[in-house]
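Colleague: Take me through this one, please. I will ask what each label rests on.

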Amino acid sequence: IYPIIVGANCEAQETPQQLVYRQLKASLSENYAELVEDVSSIIIELRSISLLVSEKLMIEISRLLQLLPKHLHFIRRETKLTFNMDHLSEQEKKQTICEKIETIIKPVLIPLEKKYTQIVDTISAASNVSFGQKLTPIDEIVLIEIHDLLSHLIDTLKQLYTLKSTTEDVDKCLHQFEENQKLKKTTTNLMSLSDLSPLLARSVKTFVPMPGIDHGTVHSHEGLKNFVSIRAFNNKILVLPSKTRPKKLDLSGSDGKRYSYLLKGHEDLHLDERIMQFLSIANKFLLSDSRSYSRRPTARKSAVIPLGDR
């Protein structure tokens, strides 16, 4: 049911596959309206948790900051060339340098100012209209940190126009950003689900199927026996200290077992999903062959469930 709802809600250009997903969702809604609504809500909440508002914003800011070293290099070069122009007076040299600095910095400064305004509006409104996603307490803390760092950086860049700051001052600001992000990536954080998604934290004894489990046919006796629903979401979310910082979430099943999932908001999982589908087909072929069956040559695989179109 998860791929059907994700595929039906895809915002990309309509495709024949998407039309099929929508027809399947419509059919399911006629017979299991409450189930479709519950699964849809869970998908939305899990997508929000996998990539928080502050994480989305920091990705965009980081891309802009990566451009700055190159621009600073141009400023140093142009400053040196201008100071070597003997036909200009000292005042003319300073004026020329200020004009060049403004021209070089503006393409980065203007987008940074827009991001800064977005952060200010987001914090003051306590919700993020731009991202269509509510703020969590963790988002508010991180956004205040980014707000302070970005404010200092923008002021330093503007002071370059009048030579009240230097490129070394800008380098120091960039270093503060890098240290802030490095600290977050190298430390393992524990988050509370009740802070990120009160809806999921309150969800208990649901009839929503456990993601990634082969439930068989529910209408048959064997299918009902194998069916595993979500009994509860563990309140603790572990943020792993890797580059993409995936979030580990445990779910309790109706069979009494605990199922662990990794939420990866920084990656497109559609390729991973296709690889796992290929491995599943390959395993079936290997086990169907009488010569290879005795050796049980199967590839290890795990369930991959994309929660968005891309």
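Modeller: Start with Leu-68. Leaving out residues up to four places away in sequence, Leu-68 touches Ile-105, Val-108, Leu-153, Leu-157, Val-170 and Leu-174. Touching is contact, meaning heavy atoms within 4.5 Å. This is a predicted model, with local features needing pLDDT of at least 70 and side-chain atom pairs counting only at pLDDT 80 or more, while totals for chains, interfaces and linings use all residues. Residues are numbered from 1 along each chain as its sequence is written, and side-chain values use heavy atoms, leaving out hydrogens and water.

Colleague: Is Leu-68 buried or exposed, and how do you know?

Modeller: The relative accessible area of Leu-68 is 0%. Buried means under 20%, exposed over 50%, partly exposed in between, with a 1.4 Å probe and protein chains only. So Leu-68 is buried. Leu-68 sits in helix α5, residues 68–83. Helices here are DSSP runs of H or I with at least four residues, strands are runs of E with at least two, and both are numbered from the N terminus.

Colleague: How are α4 and α6 oriented to each other, and why?

Modeller: Helix α4 (residues 53–65) packs on helix α6 (residues 90–125) at about 160 degrees, with axes 10 Å apart. Axes are lines fitted to C-alpha atoms, for helices over the stretch in contact, and angles run from 0 to 180 degrees between N-to-C directions. Under 35 degrees counts as roughly parallel, over 145 as roughly antiparallel, 65 to 115 as roughly perpendicular, and the rest as oblique. Therefore α4 is roughly antiparallel to α6. From α4, the contact includes Leu-57, Ile-61 and Leu-64. From α6, it includes Val-108, Leu-112 and Ile-119. By class, this contact has eight nonpolar, one polar and two charged residues. Nonpolar covers Ala, Val, Leu, Ile, Met, Phe, Trp, Tyr, Cys and Pro, charged covers Asp, Glu, Lys and Arg, and the others, Gly among them, are polar.

Colleague: What about α6 and α7, and how are they oriented?

Modeller: Their axes cross at roughly 155 degrees and come within 9 Å, with α7 spanning residues 137–161. So α6 and α7 are roughly antiparallel to each other. The residues of this contact divide into 18 nonpolar, three polar and five charged.

Colleague: Now Lys-247: buried or exposed?

Modeller: Its relative accessible area is 0%, so Lys-247 is buried. Lys-247 is in strand β5, residues 247–253.

Colleague: What makes a polar contact with the side chain of Lys-247?

Modeller: The side chain of Glu-55, at 3.0 Å. A polar contact is a pair of N or O atoms within 3.5 Å; within protein, one must be able to donate a hydrogen and the other to accept it, and residues adjacent in sequence count only if both atoms are side-chain atoms. The backbone oxygen of Ile-49 also lies 3.2 Å from a polar side-chain atom of Lys-247.

Colleague: Which label does Leu-163 get, and why?

Modeller: At 36% relative accessible area, Leu-163 is partly exposed. Leu-163 has a positive phi of about 65 degrees, although it is not a glycine.

Colleague: And Lys-205, buried or exposed?

Modeller: At 63% relative accessible area, Lys-205 is exposed. Lys-205 lies in the loop between α10 (198–202) and α11 (221–226). Its phi is also positive, near 50 degrees.
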